[in-house]
Amino acid sequence: MRYALILFLMVLFPVSMLSAEERITQGAFVAAQFSNGNWYTGKITKINGKDYTVTFTDGDVAVLTQDKIRLFSKEIKLSEGERVLAVYGSGQMYTAVVKSVEGGSAMVKWEDGSGYANLALNLIIKDIGAHKD
């Protein structure tokens, strides 16, 4: 009976997939998937219902849905050997493998073979199947 009540309440009051701390807000620094399929950094500049206007670091603008946007978090939990997307240079994100995590940063090895980088955790997101150039 208790489970039926919980299920009923969940249907009646659906909860967002994002927790309260992870809700996308205007001004948030995000990773967003551009129309070419690659992920870049940007800022939420407008919210209209389920549409989010993202102004990318290079100045391009796109209107995206929540499934194409990821919030950065310094609370991300990473493990050695985990595949991630990480900010490289001017804002494009590339796939990398976590080599170590210490404090608020992680050492990653770029999958394209270009070397290593020590990055703040809030510049890394879990790999979500994005492809690289």
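Buried means under 20% relative accessible area, exposed means over 50%, and partly exposed covers what lies in between, with a 1.4 Å probe and protein chains only. The model is predicted, so local features need pLDDT of at least 70 and side-chain atom pairs count only at pLDDT 80 or more, while totals for chains, interfaces and linings use all residues. Residues are numbered from 1 along each chain as its sequence is written, and side-chain values use heavy atoms, with hydrogens and water left out.

**Val61 and its strands**

Let's stay with Val61 for a moment. This residue lies in strand 4; strands here are DSSP runs of E with at least two residues, numbered from the N terminus. Leaving aside neighbours within four places in sequence, Val61 is in contact with Thr53, Val54, Thr55 and Phe56, where contact means heavy atoms within 4.5 Å. Val61 is also the bridge partner of Thr55. Thr45 is 16 residues from Val61 in sequence, and their C-alpha atoms are 9.3 Å apart.

Strand 4 (residues 61-64) pairs with strand 3 in the antiparallel sense over four bridges; two strands count as paired if DSSP finds at least two bridges between them. The hairpin of strand 3 and strand 4 has four residues between the strands, and Gly59 there takes a positive phi near 100°.

On to the other partner of strand 3. Strand 2 (residues 39-48) and strand 3 (residues 51-56) run antiparallel and are joined by six bridges. One of the pairings is Lys46 with Thr53. Two residues separate these strands in their hairpin, and Gly49 in the turn has a positive phi of about 65°. In a regular strand the side chains alternate between the two faces of the sheet.

**The nonpolar cores**

Now for the inside. A nonpolar core is a set of buried Ala, Val, Leu, Ile, Met, Phe, Trp, Tyr and Cys residues joined through side-chain atoms within 4.5 Å. The largest one has 13 residues, and those with the most contacts inside it are Leu78, Val84, Val108, Trp110, Leu119 and Ile124. Strand 6 (83-88), strand 7 (92-102), strand 8 (105-110) and strand 9 (116-120) are the elements that give two or more residues to this core. Strand 8 gives the most, with three residues.

What does Ile124 touch, not counting residues up to four places away in sequence? The list is Phe72, Ile76, Leu78, Val84, Leu85, Ala86, Ala106, Val108 and Leu119. A second, separate core has twelve residues, among them Tyr40, Tyr52, Val54 and Phe56.

**The salt bridges**

Side chains of opposite charge can pair when their charged atoms come close. The structure holds two salt bridges, each a side-chain nitrogen of Lys or Arg within 4 Å of a carboxyl oxygen of Asp or Glu.

| Salt bridge | Closest N and O atoms |
|---|---|
| Glu82 and Lys126 | 2.8 Å apart |
| Arg83 and Glu111 | 3.1 Å apart |

Glu82 sits in the loop between strand 5 (69-71) and strand 6, and Lys126 in strand 10 (residues 124-126), so this pair links distant parts of the chain, 44 residues apart. Glu82 is partly exposed at 21% relative accessible area, and Lys126 is partly exposed at 35%.

Arg83 lies in strand 6 and Glu111 in the loop between strand 8 and strand 9, so their pair ties together parts that are 28 residues apart in sequence. Arg83 is partly exposed, with a relative accessible area of 37%, and Glu111 is partly exposed, with 32%.
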